[in-house]
Amino acid sequence: MRMVDLIEKKRDGLALTDEEIRFVIDGFTNGSIPDYQMSAFAMAVFFKGMTDHETAVLTDAMMRSGDTIDLSRFGDKSVDKHSTGGVGDKTTLILAPIVSCLGGKMAKMSGRGLGHTGGTVDKLESIPGYKTTLTVDEFLHQVEQVGVAVIGQSGNLTPADKKLYALRDVTATVDSLPLITSSIMSKKLAAGSHSIVLDVKVGSGAFMKTLNAGRELAEHMVTIGKACGRNVTAVLTNMDVPLGHRIGNALEVEEAVEILRGEGCPDLQEVCTVLASNMLMLCNGWDEETARAQVKEAIASGRAFEQMKRWVAAQGGDPAVLDDTSKLPQAAIQHEILAPCGGYLSHMDAQKIGEASALLGAGRQTKEDVIDFAAGVVLKKKTGERVEAGEVLAVLHANRAESVPAAEAAFLGALQWSDTAPEKQPLILGIVR
Ligand code: URA
């Protein structure tokens, strides 16, 4: 088989056979297919697409390109969640204790933040002592004992995706449905869970800017996950505005604690209830009503919060900072941003607000940047609210005074104003089962 023939075949819009797709992925992973041929192939896929069957085979080949985690000891109880990435998205910190105290087994590998989006691993590292690296044996032992472990992506999982994603990033081939689907799903399948809930974010702070694009991705990922033998549900959630009120690593841990104590932002509570319920419907076989009731009870009774402390302690973190969140990293500067005018906040560009937070030190511009765990933005007003001139819109948390003016400008540039109240947007935009 010759790579040039397969590029030509895809360029001409023909479907590849299973053997041909496996030849491409194996060859690219072992280095016998060079980057320039793989780039041409990715561009051919970008323009000509792939059938669902081709995408399933591509996903499977990428999943098998490296190690996979065997969670079969947990039977149907293993359950994972994946977010396509957003601003203020601390849902894993909230879902992991809720789902695991209700019988789900969460062996979760999470990512770091890059650019305007945050990453769960960075948030967890803001808890003093929390170890985001465990051996596979330690990881699985903790899931057995505690019900949950969350670590960074480690080992040799999906090396084909690592190489291909880096190539797509610099060849304008990221925005291809079969390539995004296979990239996300190969990682989730390699991580081993029997059930997977995909949180597909839609809006200004998300990768998918429109509902149609989000729905198409969700449907593809559910189809491919099922074709690969997993239980998959996708929840389309609104990311046109940051999730919750706090953006930044330690700030988001604090907000997760608020939710687990039954307090905090109702929007964040609702998104977490829907995601947790859908996870429990898959792994426990519950109906929606039972799942919602159990989630609410786990929070109201304090069981979910106690489970968060057990999980954090098992991973070396100091659970005392969860009882007293003032012990989390705190910023030296708290700068209030005042409303320059009165009116309704008609839109907050979530990506720009994520960028403002990253400028303060909460995120990375390059992979090598060091995170300031205390930095970030606390929103005092959100889309739809009426604001008087001079009222506090947000508080910037920073340790570097010189970062504040640019972050303030970015924050104010993210806002749009109107004289009338904007229509309220739904939080949950759809569910694909
Ligand atoms: N996230 C991924 O992991 N892969 C993609 O292709 C896009 C988003």
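Q: What makes up the lining of the second largest pocket in this predicted model, by residue class?
A: The lining divides into five nonpolar, seven polar and six charged residues. Gly counts as polar and Val as nonpolar, while Asp and Lys count as charged.

Q: How many cavities of 30 Å³ or more does the search find?
A: Three, over the whole structure. The largest cavity holds about 140 Å³, and T117, G118, S357, A362 and G363 are the closest to its centre among the 20 residues that line it.

Q: Which helix gives the most to the lining of the largest cavity?
A: α16 does, with four residues. Helices α6 (120-125), α11 (249-260) and α16 (350-362) each supply at least two. By class this lining has five nonpolar, 12 polar and three charged residues.

Q: What makes A250 a lining residue of the second largest cavity?
A: A lining residue has an atom within 4 Å of a point. A250 is listed in this lining, along with residues including E254 and H397, so A250 has such an atom. The cavity holds about 50 Å³, and α11 gives the largest share of its lining, three residues.

How values were computed: Residues are numbered from 1 along each chain as its sequence is written. This is a predicted model: local features need pLDDT of at least 70, side-chain atom pairs count only at pLDDT 80 or more; totals for chains, interfaces and linings use all residues. Side-chain values use heavy atoms; hydrogens and water are left out. On a 1 Å grid over the protein atoms alone, a cavity is a set of points where a 1.4 Å probe fits but cannot get out, and a pocket is an open set with protein on both sides within 12 Å along at least five of seven lines; lining residues have an atom within 4 Å of a point. Grid points are joined across faces, edges and corners, and a volume is the space filled by probe spheres set on the points.
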